[in-house]
Amino acid sequence: MKNVEKYERGYYMPPVKCMKWAEKEYVDHAPAWCSVDLRDGNQALIIPMSLEEKLEFFTKLVEIGFKEIEIGFPAASETEYEFCRTLIEKNMIPDDVTIQVLTQSREHIIKKTFEAIDGAKNAVVHLYNSTSVAQREQVFRKSKEEIIKIATDGAKLCNEYKKHAKGNIVFEYSPESFTGTEPEFARDICNAVIDIWQPAPDNKVIINLPVTVEMSMPHVYAQQVEYMCDTLHNRENVIVSLHPHNDRGCAVADCEMGLLAGADRIEGTCFGNGERTGNADIVTIALNMYTHGIDPKLDFSDMPALVELYERVTRMKVYDRSPYSGALVFAAFSGSHQDAIAKGMNWRKEKSCDKWTVPYLPIDPHDVGREYDGDVIRINSQSGKGGIGFILQNQFGYDLPKKMREDFGYKVKAVSDHKHKELMPDEVYKIFKDEYLNKCAPVDIPEAHYVQKQNGTICAAITASVNGVTDDHTAEGNGRLDAVANAIKQALKFDFTVETYTEHALERKSTSEAVSYVGISCGDKMYWGVGRHSDIIVSSIKGLVSAINNAFADKK
Ligand SMILES: CC(=O)SCCNC(=O)CCNC(=O)[C@H](O)C(C)(C)COP(=O)(O)OP(=O)(O)OC[C@H]1O[C@@H](n2cnc3c(N)ncnc32)[C@H](O)[C@@H]1OP(=O)(O)O
Ligand SMILES: CC(C)C(=O)C(=O)O
Ligand SMILES: [Mg+2]
């Protein structure tokens with residue numbers, strides 16, 4: 001990369017070491033969550049959501065359990081304003097939910113914002129102005145004092161408007177572009193605003209520390225957050241909030257480390273929608289906590305419904321590998337992963353485990369509304385016998401013997417490889433049926449009669465049909481299958497050995513049938529057949545005949 005000299009680290013470290021957070025291991029309680037899907041998420045869309053779409057999304061966010069929802073920037077447009085009015089006038093905001101609205105620190109915008117929330121029972125008025133070195137110099141061309149004045153003038157105006165407001169109003173201040181701001185200046189401007197708002201136990205204020213643009217590694221942000229937590233005035237009455245964007249791909253880590261550093265609240269969006277690379281993905285942060293055994297106090301148990309709604313109203317896509325939500329995040333195509341998952345699932349059943357420890361799956365797919373069948377083990381040319389056998393067992397009830405799984409596995413992989421596509425469970429089952437099940441051509445045994453001799457041997461009298469030509473044969477054996485096998489050898493003048501035989505019941509709704517797996521050797525090769533019938537003997541003979549037909553096909 002030839003232009004690397006063009007860049008330098010544009011962030012500022014706190015003046016003192018702030019590393020207490022690094023002693024902590026995990027986030028041990030849920031923060032206050034604020035969804036900014038309808039504001040930051042919405043302002044980043046190619047086509048912002050319509051009023052109806054915002055209403056539908058709002059209802060979903062409430063259902064998930066968000067208690068604070070930034071519903072928009074009411075001074076931005078007619079739709080934003082109308083949306084706010086509709087929620088209030090149609091009484092759509094539950095009493096335990098607080099709406100939040102964003103405003104620049106400009107009088108006409110603050111005025112319009114307070115008009116928009118008139119009548120709301122609970123609202124957060126979120127005031128912001130930019131504080132970074134780059135914005136101070138290039139955008140505002142103002143000194144530090146002048147930038148502080150923008151914030152304090154706005155804060156004072158908010159106090160004035162609040163006097164006339166009927167509902168419960170909480171204030172939030174964001175030193176926008178915090179990550180490009182010297183921490184001491186961020187501290188000073190926030191403290192100036194705090195001093196004007198005078199927070200108290202029953203009137204807390206929110207200080208939001210946005211990673212407007214992500215400029216550093218997350219441990220740097222954590223130090224900046226810890227510094228702010230240590231130096232803000234009236235800290236006990238200040239709710240420290242985080243609002244990371246994802247420019248370096250670390251917004252979730254920023255939130256997690258920022259929480260370790262003392263923050264109380266997270267602003268983010270579902271699936272990380274938002275300006276440029278997006279906001280922090282609340283789904284991921286919340287479910288990361290969940291998989292550590294901490295209740296995030298948000299309910300993502302019907303993820304498919306949330307994804308459907310989100311994709312429809314935002315016209316964005318949830319990436320296939322988006323943590324916890326993507327279409328492929330539980331899918332194992334590769335053989336060794338499938339094998340481990342299938343064994344892990346069986347272990348759970350066997351041991352009645354109450355903790356989730358299945359290899360390769362950090363969360364139980366059922367906990368986010370996903371299925372084991374179809375979502376987890378998926379079949380292509382990378383798959384192995386473990387996964388393919390798992391599909392056949394879980395979805396169709398066939399528990400193949402280990403050696404036969406291998407034979408079947410290679411057949412399925414070959415089909416997928418040649419077709420160059422994933423195989424659906426029904427296609428896997430069709431291969432199974434075509435390759436092994438009740439095969440009766442060219443060889444068939446339409447009739448068999450058994451006599452038990454005094455010496456304990458069994459005599460089988462069979463009618464053998466080869467390419468439709470039938471004749472009768474009799475032979476003895478130490479069991480019915482053995483006797484029939486001997487009679488078939490005679491009839492076909494064909495030598496083979498029955499190497500293995502297993503069977504189990506196949507439960508299908510009200511009926512139960514026997515399934516028999518027969519492996520024969522012929523020269524140095526093994527051939528498999530499966531029989532299925534309501535009678536266990538007929539089932540075993542059908543399995544044997546299927547294996548013989550496979551051997552015949554190979555000999556041709
Ligand atoms: C990081 C974030 O996500 S911040 C939120 C960003 N979201 C949005 O901007 C979406 C909604 N915004 C809008 O619809 C419009 O920008 C409005 C209605 C708010 C304002 O519209 P306008 O006044 O026409 O335009 P614009 O936003 O370009 O105004 C820029 C002016 O405001 C000033 N300004 C920008 N932000 C702020 C602020 N937070 N506080 C005070 N002044 C500000 C700029 O310095 C500039 O001043 P100048 O006119 O003296 O050069
Ligand atoms: C308005 C602020 C909080 C913002 O969205 C940002 O800085 O990213
Ligand atoms: Mg933002």
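Biologist: Where is His245 found?
Modeller: His245 is in the loop between β7 (238-244) and α9 (251-260). Helices (H or I, at least four residues) and strands (E, at least two) are DSSP runs, numbered from the N terminus. This is a predicted model, where local features need pLDDT of at least 70, side-chain atom pairs count only at pLDDT 80 or more, and totals for chains, interfaces and linings use all residues. Residues are numbered from 1 along each chain as its sequence is written, while chains are lettered from A and ligands numbered from 1 in the order in which they are written.

Biologist: Is His245 buried or exposed?
Modeller: His245 is buried, because 24 other C-beta atoms lie within 10 Å. The cut-offs are 20 or more other C-beta atoms within 10 Å for buried, 12 or fewer for exposed, and partly exposed in between, with C-beta atoms placed from the backbone.

Biologist: Which residues does His245 touch?
Modeller: Leaving out residues up to four places away in sequence, its contacts include Val211, Thr212, Glu275 and Asn279. Contact means that the C-beta atoms, placed from the backbone, lie within 7 Å.

Biologist: And where is Asn279?
Modeller: Asn279 sits in the loop between β8 (265-268) and α10 (282-290). Asn279 counts as buried, because it has 31 C-beta neighbours inside 10 Å. Asp40 and His245 are among the residues it touches.

Biologist: Which residues does the UniProt annotation "binding site" cover?
Modeller: The unreviewed UniProt entry gives Asp40, His243, His245 and Asn279. These residues span 240 residues in sequence, but no two of their C-alpha atoms are more than 10.2 Å apart, so they gather at one spot. UniProt positions follow the numbering used here, feature names are shortened, and annotations may be inferred rather than shown by experiment.

Biologist: What surrounds ligand 2?
Modeller: The shell is Asp40, Leu102, Tyr128, Ser174, Glu176, Asn208, Pro210, Thr212, His243 and His245. The elements giving two or more residues to that shell are β5 (168-176) and β6 (205-211). A residue belongs to a shell if its C-beta atom, placed from the backbone, lies within 6 Å of the molecule.

Biologist: How many residues surround ligand 1?
Modeller: There are 17, and the closest are Phe73, Ala76, Gln104, Ser105 and Asn129. Here α1 (37-43), β4 (122-130) and α5 (133-140) each give two or more residues.

Biologist: New topic. How is the protein divided?
Modeller: It has domain 1 (17-314), domain 2 (335-435) and domain 3 (443-555). Those bounds come from an automatic or database domain assignment. The C-alpha centres of domain 1 and domain 3 lie 72 Å apart.

Biologist: What does UniProt list for residues 31-304?
Modeller: The unreviewed entry lists "domain: Pyruvate carboxyltransferase" there. That stretch is 45% helix and 19% strand, and its end C-alpha atoms are 24 Å apart.

Biologist: Which peptide bond is cis?
Modeller: The one from Ala441 to Pro442, with omega near 5°. Pro442 lies in the loop between α15 and β9 (443-452).

Biologist: What is phi of Ser352?
Modeller: Phi of Ser352 is near 45°, a positive value in a residue other than glycine. Ser352 is in the loop between α12 (335-351) and α13 (385-396). With 6 C-beta neighbours inside 10 Å, Ser352 counts as exposed.

Biologist: What is the mean pLDDT?
Modeller: The mean is 97, and 99% of the residues reach 70 or more. pLDDT is the predictor's confidence in each residue, from 0 to 100. The model also scores ipTM 0.97 and pTM 0.91.

Notes
Two residues are in contact if their C-beta atoms, placed from the backbone, lie within 7 Å.
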